[in-house]
Amino acid sequence: MERCRSRLFLAAPKQKELDVKKIPAVLGLLLFWFAGSAAPATDGAALYKKSCGGCHGNKGTLTPGGSAPIRGLPGDVLLDKLAGYAEGRLGGPAGKPMRDAARKLPEGDRAVLAEHIGAL
Ligand code: HEC
């Protein structure tokens, strides 16, 4: 009986200490998970500004290299054009900056951008 009690006594503080130590790690993991999953889905505007706006204008109305304005371009058309530039089957000599931009763009960002540009 005496042995049992002392074992319980030893176990209790140990358990408490472990839980407290785990809290920051769990919160950190959650934060990391939220930041990682939410950022690309919500930030089409920032992504567009950073990757495309410099040449196509914040509203997609500019016509770099004589291209058509990209504002409101349907998502599937935009994705096809981006793939075309990235693969090098679109764009003449004036298309080099666009090919570079398309190649630099991570695959996962394309759908977010397509949605944003379609709604410009
Ligand atoms: C460094 C300048 C530059 C950047 C950055 C850039 N583009 Fe372009 N873009 C161009 C040029 C120049 C053309 C015309 C290329 C050609 O001659 O085919 C073009 C053409 C296009 C076209 C074809 C338009 C058409 O139908 O004629 C689309 C779509 C397009 N860009 C989308 C994008 C998207 C989306 C981004 C961001 C990921 C982007 N561009 C970033 C310069 C740029």
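Student: At what angle do α2 and α5 pack?
Tutor: This is a predicted model. In it, α2 and α5 pack at an angle of about 95°, and their axes are 9 Å apart.

Student: What does that make α2 relative to α5?
Tutor: The angle falls in the range 65 to 115 degrees, so α2 is roughly perpendicular to α5.

Student: Which residues make the contact?
Tutor: On the α2 side, Gly44, Ala45, Leu47 and Tyr48. On the α5 side, Val112, Leu113, Glu115, His116 and Ile117.

Student: And by class?
Tutor: The contact of α2 with α5 has six nonpolar, two polar and one charged residues.

Student: Stepping back, how many helices and strands does the protein have?
Tutor: Five helices and zero strands. Read from the N terminus, the order of elements is α-α-α-α-α.

Student: OK, next pair. How do α3 and α5 cross?
Tutor: Helix α3 covers residues 75-87 and helix α5 covers residues 110-118. Their axes come within 9 Å and cross at roughly 130°. That angle makes α3 oblique to α5.

Student: Is the crossing left-handed or right-handed?
Tutor: α3 passes α5 in a right-handed crossing. The residues that meet are Gly75, Leu78, Leu79 and Leu82 in α3 and Arg110, Ala114, Glu115, Ile117 and Gly118 in α5. By class, this contact has five nonpolar, two polar and two charged residues.

Student: What about α3 and α4, how far apart are their axes?
Tutor: The axes are 7 Å apart, and the two helices pack at an angle of about 105°. α3 and α4 are therefore roughly perpendicular to each other.

Student: Who is touching whom there?
Tutor: Leu82, Tyr85 and Ala86 of α3 are in contact with Met98, Arg99, Ala102 and Arg103 of α4. The residues of this contact divide into five nonpolar, no polar and two charged.

Student: Some of these names keep coming up. Which residues make up the largest nonpolar core?
Tutor: There are twelve in all: Leu47, Tyr48, Cys52, Ile70, Leu78, Leu82, Tyr85, Met98, Ala102, Leu113, Ala114 and Ile117.

Student: Which elements give two or more residues to this core?
Tutor: α2 (44-56), α3, α4 (96-104) and α5.

Student: How much of the protein is buried overall?
Tutor: Buried residues make up 12% of the 120 residues.

Student: Now the loops. Where is Asp43 found?
Tutor: Asp43 is in the loop between α1 (2-42) and α2. It has 15 C-beta neighbours inside 10 Å, so Asp43 counts as partly exposed.

Student: How far is Asp43 from Val112?
Tutor: Their C-alpha atoms are separated by 7.9 Å, and the two residues are 69 residues apart along the chain.

Student: And where does Asp109 lie?
Tutor: Asp109 lies in the loop between α4 and α5. Asp109 counts as partly exposed because it has 18 C-beta neighbours inside 10 Å.

Conventions. Residues are numbered from 1 along each chain as its sequence is written. This is a predicted model: local features need pLDDT of at least 70, side-chain atom pairs count only at pLDDT 80 or more; totals for chains, interfaces and linings use all residues. Axes are lines fitted to C-alpha atoms, for helices over the stretch in contact, and angles run from 0 to 180 degrees between N-to-C directions. Helices (H or I, at least four residues) and strands (E, at least two) are DSSP runs, numbered from the N terminus. Angles under 35 degrees count as roughly parallel, over 145 as roughly antiparallel, 65 to 115 as roughly perpendicular and the rest as oblique. A crossing is left-handed if the near helix is turned anticlockwise from the far one by less than a right angle, and right-handed if clockwise. Two residues are in contact if their C-beta atoms, placed from the backbone, lie within 7 Å. Ala, Val, Leu, Ile, Met, Phe, Trp, Tyr, Cys and Pro count as nonpolar, Asp, Glu, Lys and Arg as charged, and the others, Gly among them, as polar. A nonpolar core is a set of buried Ala, Val, Leu, Ile, Met, Phe, Trp, Tyr and Cys residues joined through C-beta atoms within 7 Å. A residue is buried if 20 or more other C-beta atoms lie within 10 Å of its own, exposed if 12 or fewer, and partly exposed in between; C-beta atoms are placed from the backbone.
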